[in-house]
Amino acid sequence: MQSKTMRRLAMMLAWIPAAASVAVHAQNAQQPQPGGTLTFLMAQEPTALVSLVNPKVENRNISAKITEGLLRYDLQFKPQPLLATEWNITDDGLRYTFKLRTGVKFHNGTDFTSADVKYSILKQREIGPRGRITFANVQDVETPDPHTAIIVLSKPAPYLLKALSSAETPIVSQQRYGAADPLVHDNNNHPIGTGPFRFKEWSKGSYVVLEKNPDYWRKGHPYLDRVIYRFIKNTASISAAIETGEANAALNVAVSDLDRLSGNPKLAIDDTYDEFLSNVLFLEFNLDNPILANPKVRHALAHAIDRNFIANTVYYKRARVVNSPIPSILAQYYDDSAFNYPVDLVRANTLLDEAGYARKGSDGRFSLRLAFMPSADFKRTSEYIRAALNRVGVKVDIVDGDLPTFINRLYKERSFDLSVNGLGRLFDPTVGVQRFYWSDGIKNPLPFVNAAHYNNPRVDDLFRAAAVETDDTRRAATFKEIQGIVGKDLPTLPLVTVPSTLQVYQKRVHNLNNSVDLTAGDFSDTWLEH
């Protein structure tokens, strides 16, 4: 039997016009003007232009303009139609039926059908870095007709309906991929999709060009003729380019330049936090180190660090302190009561003494190696942590390196003691937060999964229970118990939000974002004043 609530939801959504906008910003009173080229700057170049097999932020941002998902979401995570026009879920939570939009074509002229949905979901389950968690309970995707797709689960997955955005779960062409390996397929570099923009050109190391899809199913959209992504590694150069009008919008502007840029009457700043990715800066403790295996030492180091200083000084008040691994926007699951570690040097010194690590004159207590994910802000955070821990007699050596070196150091070589890492908490704790603490990551190491090597069977059991619990009250109680345990065990210390989607743009740019994904929206509502 179908869920009554979901039947009503599907009926209501079926009446939403295809052109309905879920723009994040209030609609401007002016009539949108068609035409023009939007030039957008980013510091990091994508590694692929489809986020099917790599949901890296830069990949997601471009992928979502070309390749669409079944749904998109407003700022409260409420699903809205995209390639799916309506949907329902059975009461046992094991069958998700999606009615698909008719008349939609891929950019090469082939029809979009349920076969594409089946291929995309099952490939995500097989090889997707997050898809292997999100779709772990997917048993099959049935395709009774070209415009109906039914996701069949072996166990409930209460988070599934939040995972179907264009950036998170892109629907690609089954016909294009065929039996080839998606990890090395040409579609990664020359993608086709159903989205508002078609891929035109990728000049590696320099730019990507997208052009308007004249056959887009959403009539009258997009407004823009062209989107050009330019890649400039130096953040100060990005600031200069947006200030002089060489570009219309930019990510990765130097945070130290924001006060100056905010005074420019032609520019606007959008520092809306990306609640979908919910990126946070974490301090991770390598529990394989006997010193850090002692919880008193971890508590002491937490009390030595002023997280408000990081938010206000390192990030120039563009970040906020985080007190739980679970995002506060997921209010029913959130509990910060076990993460009470205010800066307290007296307490920090006492705990280190009690742990058996007395000061040894100028040599201090002990030394630790700190690795950080490559980023100017993460490096400055690491330098602050080094100074903060030195005040309680702990010497810190900062080890540098590019992203592959950082990943290898944490998850393969284990040649670190502390790490300053950026991790996405995502749209549900099972998909995002579980991996921070999941003991399976010790036996089966993967990037960004349990760098601490935390192993608590009770926490594993609780996460397993939450992953299949369909009663939200019981699920919330489970997540709150998890927060109580990991807050006291403290294998990782959440520090501050990461303003990874902070954008500076010209005021003549309108409706830059149109979903909870922010920069991974599709630009179908974006327009330029001429």
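Biologist: Which residue stands opposite Ala-249 in β11?

Modeller: That's Phe-40. Keep in mind that this is a predicted model.

Biologist: What makes β1 and β11 a pair?

Modeller: Strands count as paired if there are at least two bridges between them. Strand β1 (residues 37-42) and strand β11 (residues 249-250) have two bridges, in the parallel sense, so they meet that cut-off.

Biologist: Where do those strands sit in their sheet, and how many strands does the sheet have?

Modeller: It's an open sheet of seven strands, in the order β8-β9-β10-β1-β11-β18-β12, with mixed pairing.

Biologist: Why are β8 and β12 said to stand at the edges?

Modeller: Each has a single partner strand, so one side of β8 (197-203) and one side of β12 (267-270) are left without a neighbour in the sheet.

Biologist: How do you know which β7 residues cover which face?

Modeller: In a regular strand the side chains alternate between the two faces of the sheet. In β7, Thr-148, Ile-150 and Val-152 are on one side, with Ala-149, Ile-151 and Leu-153 on the other. They are all buried, and both faces are covered.

Biologist: What makes β5 a partner of β7?

Modeller: Pairing needs at least two bridges, and strand β5 (residues 95-100) has five with β7, in the antiparallel sense. One example is Tyr-96, whose bridge partner in β7 is Ile-151.

Biologist: And how do you know that β6 pairs with β7?

Modeller: Five bridges join strand β6 (residues 138-145) to β7, and the two run antiparallel. Asp-145 stands opposite Thr-148 in β7. The two strands form a hairpin, with two residues between them.

Biologist: Let's turn to cavities. What makes a space a cavity?

Modeller: A 1.4 Å probe fits there but cannot get out. The search of the whole structure finds three cavities of 30 Å³ or more.

Biologist: What does UniProt place at residues 78-437?

Modeller: Its unreviewed entry gives "domain: Solute-binding protein family" there. In the model, that span is 26% helix and 22% strand, and its end C-alpha atoms lie 28 Å apart.

How values were computed. Residues are numbered from 1 along each chain as its sequence is written. This is a predicted model: local features need pLDDT of at least 70, side-chain atom pairs count only at pLDDT 80 or more; totals for chains, interfaces and linings use all residues. Side-chain values use heavy atoms; hydrogens and water are left out. On a 1 Å grid over the protein atoms alone, a cavity is a set of points where a 1.4 Å probe fits but cannot get out, and a pocket is an open set with protein on both sides within 12 Å along at least five of seven lines; lining residues have an atom within 4 Å of a point. Grid points are joined across faces, edges and corners, and a volume is the space filled by probe spheres set on the points. Helices (H or I, at least four residues) and strands (E, at least two) are DSSP runs, numbered from the N terminus. Buried means under 20% relative accessible area, exposed over 50%, partly exposed in between (1.4 Å probe, protein chains only). UniProt positions are given in the numbering used here, feature names are shortened, and annotations may be inferred rather than shown by experiment.
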